[in-house]
Amino acid sequence: MYAAGLSDVGAVREQNEDAFFVRNEPIGPFPNLFVVADGMGGHKAGEVASNLAVEKFCAFIKDFPASEFLRPGDYLDLLIGAAQYAGEEIIKKADEDESMLGMGTTLTACVIADKKAFIAHIGDSRVYFVYNLGVTQITTDHTFVEELLQTGRVTEDEIKTHPRRHVLTRVLGVSDNMLVDGIVRDLGDAKAVLLCSDGLTNMLDNDAIVRIVNGLGYVEHRTKYLIDEANKRGGLDNISAIVVDVNR
């Protein structure tokens, strides 16, 4: 198993409000760790929120006491606890600087162990399992339109052009909606795990993702190819991707 990550400002935006973290080696009690965050807020606040979230999230895990006693069955609780801690730190930062009020960020983190993916997730960054002939989205977007979809009030096609498709219902940094999803999923025959911000998936369809992730080249090359292709198709937002080869 090996992973690579990359982030790009995109073809339109002036600053990158995404942040990511890739660790193929042990960190704290985890054998590896992969994180993507996509910030939101006023001038530079989104950039501050995403970078602060990743920094505090990883520090919480790295400094976790008695980590040698933690077992895979405890991984999910630690991931969720680290995410909630990062959210509290964002709120604290905003309270200290009124120019940062209202800032927040998505955060999607994954640990691969025992042929399983352990995932903490809030917002609309995503985790996918990529197979030989298809892709499955593992996380659920915390967005206004996703709630409409789940209740049958819109269709998949209508989501793509809905005027409120970018409205988030849960993020780190807003105290009344920091509920973090915890997911454990067997890898099965997945070839790779993909973590990404919506700047990638808004530009690339599933067929393109499968073709690129399963293509030739080192994982670093395929990760760059994902971002390059998203930019060629418009690059309307910041773009971040982490590709984790698990069964290649």
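Which residue does R233 form a salt bridge with? I found E229, the closest N and O atoms being 3.1 Å apart. For the notebook, a salt bridge is a side-chain nitrogen of Lys or Arg within 4 Å of a carboxyl oxygen of Asp or Glu.

**Ground rules**

This is a predicted model, where local features need pLDDT of at least 70 and side-chain atom pairs count only at pLDDT 80 or more, while totals for chains, interfaces and linings use all residues. Residues are numbered from 1 along each chain as its sequence is written, and side-chain values use heavy atoms, with hydrogens and water left out.

**Back to the opening pair**

I looked up accessibility next, with buried meaning under 20% relative accessible area, exposed over 50% and partly exposed in between (1.4 Å probe, protein chains only). R233 comes out at 37%, so I logged R233 as partly exposed. E229 has a relative accessible area of 12% and therefore goes down as buried.

**Helix α7**

My element names follow DSSP runs numbered from the N terminus: helices are H or I with at least four residues, strands are E with at least two.

Then I listed the buried residues of α7: V219, R222, T223, L226, I227, E229 and A230. Looking down the axis of α7, I see them within an arc of 160 degrees, so they line one face of the helix. That arc is taken over the directions from the helix axis to the C-beta atoms.

What covers this buried set? I noted β1 (2-8), β10 (192-196), α5 (198-201), α6 (206-213) and β11 (239-245) among the elements that do. After α7 comes G234, whose phi is positive, near 135 degrees.

Searching the whole structure gave me eight salt bridges. Side chains of opposite charge can pair when their charged atoms come close.

One of them joins R222 and D245, with the closest N and O atoms 2.6 Å apart. R222 sits in helix α7 and D245 in strand β11, so this pair ties together parts that are 23 residues apart in sequence. R222 is buried at 3% relative accessible area, and D245 counts as buried at 12%.

R126 is in strand β7 (residues 126-130) and D141 in the loop between β8 (135-137) and α3 (144-150), so the pair links parts 15 residues apart in sequence. Both R126 and D141 are buried.

**Positive phi, no glycine**

Most residues other than glycine have a negative phi, so I flagged exceptions. D114 has phi near 50 degrees and K115 has phi near 60 degrees. I located D114 in the loop between β5 (107-113) and β6 (116-122), and K115 is in the loop between β5 and β6 as well. D114 counts as exposed at 54% relative accessibility; K115 is exposed at 72%.

**M100**

Is M100 buried or exposed? Buried, I found, with a relative accessible area of 10%. M100 lies in the loop between α2 (75-96) and β4 (104-105). Setting aside neighbours within four places in sequence, I get contacts from M100 to A45, V48 and A94, where contact means heavy atoms within 4.5 Å. I also took the C-alpha separation of M100 and A82, which is 21 Å for residues 18 apart along the chain.
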